[in-house]
Amino acid sequence: KKSPLADLETRLAHFLQPLIQPGQRLLLGYSGGLDSTVLLHLLHRLRPALGIELAALHINHGLSPHAEVWQQHCAQVCRELEIPFTAERVTVSRKSGLGIEAAARAARYEVFGRQSADYLLLAHHQDDQAETMLLQLLRGAGIKGLAAMPVQRDSTPILLRPLLDTPRASLEACACELGIAWVEDESNQDESFDRNYLRHAVLPVLRQRFPAAGSALARSAAHLAEADALLQEIATHMNSGRSRFR
């Protein structure tokens with residue numbers, strides 16, 4: 001039986017090999033947290049075999065008193081692994097009407113869209129996907145919203161989320177096996193944020209009764225993503241057919 005690290009490394013290689021070509025540049029969104037730290041080390045291990053250029057980008061939101069320490073930590077890890085590192089500071093408006101989480105996300109993605117790379121990798125995992133689907137469900141979202149986060153988005157650069165079928169517990173096991181440290185964002189414990197409330201107060205209760213709740217929710221999101229893609233394809237064909245008969 002493979003170790004958690006070997007298993008995840010193999011699955012990541014199988015995910016990337018059909019998509020990327022040797023010499024392409026992969027940029028990792030690196031927060032310094034558990035998920036992006038594990039993904040950074042996995043990509044570092046796979047870099048020679050895949051023949052890729054690997055770099056890391058850290059977004060400093062300036063929202064925590066520890067933001068500078070986190071940035072320094074990320075820079076040091078990348079120096080040790082000989083991975084090119086860039087940090088960008090953003091200003092997160094507290095008066096945008098979006099809320100802090102949404103405003104920070106908007107600021108991040110604005111920076112992501114300006115990067116020169118073939119692929120941008122983000123380390124969202126299965127638990128993140130389950131939380132996102134629940135949030136969308138509680139907002140009354142339709143099929144597209146309930147599909148939650150896509151594995152791939154054809155943006156510039158192309159966005160990939162290779163860990164969406166990996167539970168956080170597996171990432172913790174990999175980090176333990178690697179013997180690596182990561183930063184903990186204290187805001188992740190603040191249950192005044194909807195996502196944190198679901199993470200700490202709702203999903204643990206669901207898992208007591210339904211142990212596979214996280215994977216089931218993520219799997220449902222994947223089914224809905226397929227349904228949304230099919231509906232878009234049907235709509236495209238119908239519109240194309242109408243245009244031919246005009």
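Biologist: Which residues have the most contacts inside the largest nonpolar core?
Modeller: First, a caveat: this is a predicted model, where local features need pLDDT of at least 70, side-chain atom pairs count only at pLDDT 80 or more, and totals for chains, interfaces and linings use all residues. Residues are numbered from 1 along each chain as its sequence is written, and side-chain values use heavy atoms, with hydrogens and water left out. A nonpolar core here is a set of buried Ala, Val, Leu, Ile, Met, Phe, Trp, Tyr and Cys residues joined through side-chain atoms within 4.5 Å, and the largest has 34 residues. The ones with the most contacts inside it are Leu16, Leu26, Val38, Leu40, Leu43 and Leu121.

Biologist: Which element gives the largest share of this core?
Modeller: Helices and strands are DSSP runs numbered from the N terminus (helices H or I, at least four residues; strands E, at least two). Those giving two or more residues to the core include helix 1 (4-16), strand 1 (25-29), helix 2 (34-50) and helix 7 (168-178). The largest share, 8 residues, comes from helix 2.

Biologist: What does Leu40 touch, not counting residues up to four places away in sequence?
Modeller: Leu40 is one of the residues with the most contacts inside the largest core. Contact means heavy atoms within 4.5 Å. On that basis, Leu40 touches Leu28, Tyr30, Leu54, Ala56, Val77, Cys78, Leu81 and Ile83.

Biologist: Is Thr37 buried or exposed?
Modeller: Thr37 sits in helix 2 and, beyond four places in sequence, touches Tyr30, Gly32, Ile180, Ala181 and Trp182. The classes go by relative accessible area: buried is under 20%, exposed over 50%, partly exposed in between (1.4 Å probe, protein chains only). Thr37 has 1%, so the class is buried.

Biologist: Which residue's side chain is joined to that of Glu131 by a polar contact of 2.9 Å?
Modeller: Glu131 is in helix 5 (residues 126-138), and counts as buried because its relative accessibility is 3%. Setting aside neighbours within four places, Glu131 is in contact with residues including Arg195, Leu198 and Leu203. A polar contact is a pair of N or O atoms within 3.5 Å; within protein, one must be able to donate a hydrogen and the other to accept it, and residues adjacent in sequence count only if both atoms are side-chain atoms. The partner in question is Arg199.

Biologist: At what angle do helix 5 and helix 8 pack?
Modeller: Axes are lines fitted to C-alpha atoms, for helices over the stretch in contact, and angles run from 0 to 180 degrees between N-to-C directions. Under 35 degrees counts as roughly parallel, over 145 as roughly antiparallel, 65 to 115 as roughly perpendicular and the rest as oblique. Helix 5 and helix 8 (residues 194-209) have axes 10 Å apart and are therefore roughly perpendicular. The angle is about 100 degrees.

Biologist: Where is Leu217?
Modeller: Leu217 is buried, with a relative accessible area of 19%. Beyond four places in sequence, Leu217 touches Ala130, Met133, Leu134 and Leu203. Leu217 is in helix 9 (residues 213-244).

Biologist: Which residues does a cis peptide bond join?
Modeller: Look in the loop between strand 5 (152-153) and strand 6 (158-160), where Pro157 is found. Omega is about -5 degrees for the bond joining Thr156 and Pro157.

Biologist: What is the phi of Glu82?
Modeller: Glu82 is in the loop between helix 3 and strand 3 (85-89), and is exposed, with a relative accessible area of 65%. Although Glu82 is not a glycine, its phi is positive, at about 60 degrees.

Biologist: And where is Ala148?
Modeller: Ala148 also has a positive phi, about 60 degrees, without being a glycine. At 17% relative accessibility, Ala148 counts as buried. Its place is the loop between helix 6 (143-146) and strand 5.
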